[in-house]
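Take a look at the model first.

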Amino acid sequence: MGPRVTPRVLVLRALGLGDLLTGVPALRALRRAFPAYEIVLAAPKELAAPVAASGAVDRLLPAAAPGRAVPTRLDWSGPPPEVAVDLHGKGPSSHRLLQRTGPGRLLAFAHPGTPEIAGPAWTAEEHERARWCRLLEWYGIPADPGDLRLPPPGAMSPAPGAVVVHPGADSEARRWPAERYARVVRGLSGRGHRVALTGGPGEDALLDRVLRDTAGGVPAGEDGGVTVFRGGLPFERLAALIAGAAAVVSGDTGIAHVAVAYGTPSITLFGPVPPRLWGPPPGTRHVALWHPGPPGDPHGREPDPRLLRIRPDDVLKALSDHPEVVRP
């Protein structure tokens, strides 16, 4: 007899940081359902640290595609997975990608293009966390959409007690204007808060615009009123910063989900996507600012009109009224 081969579960979620964190409840449900299996997650290699922090995945299989597209191939090797799970999409592209690995079972939403999959129906108006938990529940796997928290990071915060302000977002439609973030920074500094300004890779020019629009009202630097973190922090350092922050202010982007994962008070500015689809869990710790209106394009090239209806004073008031934000 040859060596015993560990059975494997292959999960596809080749998306961004926020997508990964909203998928943590489903990943943990799979971990509980298949305790003796190796859980392999097909996701971008840049997410290795948060994937490990989830405690639900044994191995990352690097996989990515531009935007929110489905990867064209997976570098799967060895025997077929006993189970494949589509946490990426609703249609034939992601289904067929996983089917090419020859899984014993494929758990996925039903679609007319893949009639051989007898999964549940896709619902557009459904929160992202609940959607994937419902998929697993349909297949008899209990899943809790509230199972979101990550364990405390091991590192110390590089700016303990600061209010983290993150002006970036993946699309212009979800990017509040730099001058408005600058007004928030000025207001926070004027109230005695230390501010940490963060940006992702390629967003240094945006941080410079925020600092310029701050118009010399507060100093920048490690010992000043604003500490600037350029270039996109490695996840371990970002996690420490967020976990040790007084609050996080951002648009609807990955860092808002990091705040939820570490239980840090947050103010998230929504538009065009409503918080009922991507927002934080209910309660007082995480505040979603949102003005309802006609559907918008989440990938548009201009800030969404709903987002622009949020004013800097709205953000500052939400922070001052927040019951869990520690005052300086």
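Let's start with Leu 269: it touches Trp 176, Tyr 181, Val 249, Ser 250, Gly 251, Asp 252, Leu 289, Leu 307, Ile 310 and Val 315, leaving out residues up to four places away in sequence (contact means heavy atoms within 4.5 Å). This is a predicted model, where local features need pLDDT of at least 70 and side-chain atom pairs count only at pLDDT 80 or more, while totals for chains, interfaces and linings use all residues. Numbering runs from 1 along each chain as its sequence is written, and side-chain values use heavy atoms, with hydrogens and water left out.

**Cores**
- The largest nonpolar core has 29 residues, and Val 165, Val 249, Leu 269 and Val 315 touch the most other members.
- Such a core is a set of buried Ala, Val, Leu, Ile, Met, Phe, Trp, Tyr and Cys residues joined through side-chain atoms within 4.5 Å, with buried meaning under 20% relative accessible area (1.4 Å probe, protein chains only).
- Elements giving two or more residues to this core include strand S6 (163–166), helix H6 (178–190) and helix H7 (204–213); helices (H or I, at least four residues) and strands (E, at least two) are DSSP runs, numbered from the N terminus.
- H6 gives the most to this core, with six residues.
- A second, separate core of 26 residues includes Leu 20, Leu 47, Val 85 and Leu 87.

**H6 against H7**
- Ala 178, Glu 179, Tyr 181, Ala 182, Val 185 and Arg 186 in H6 meet Leu 206, Arg 209, Val 210 and Asp 213 in H7.

Key. Buried means under 20% relative accessible area, exposed over 50%, partly exposed in between (1.4 Å probe, protein chains only).
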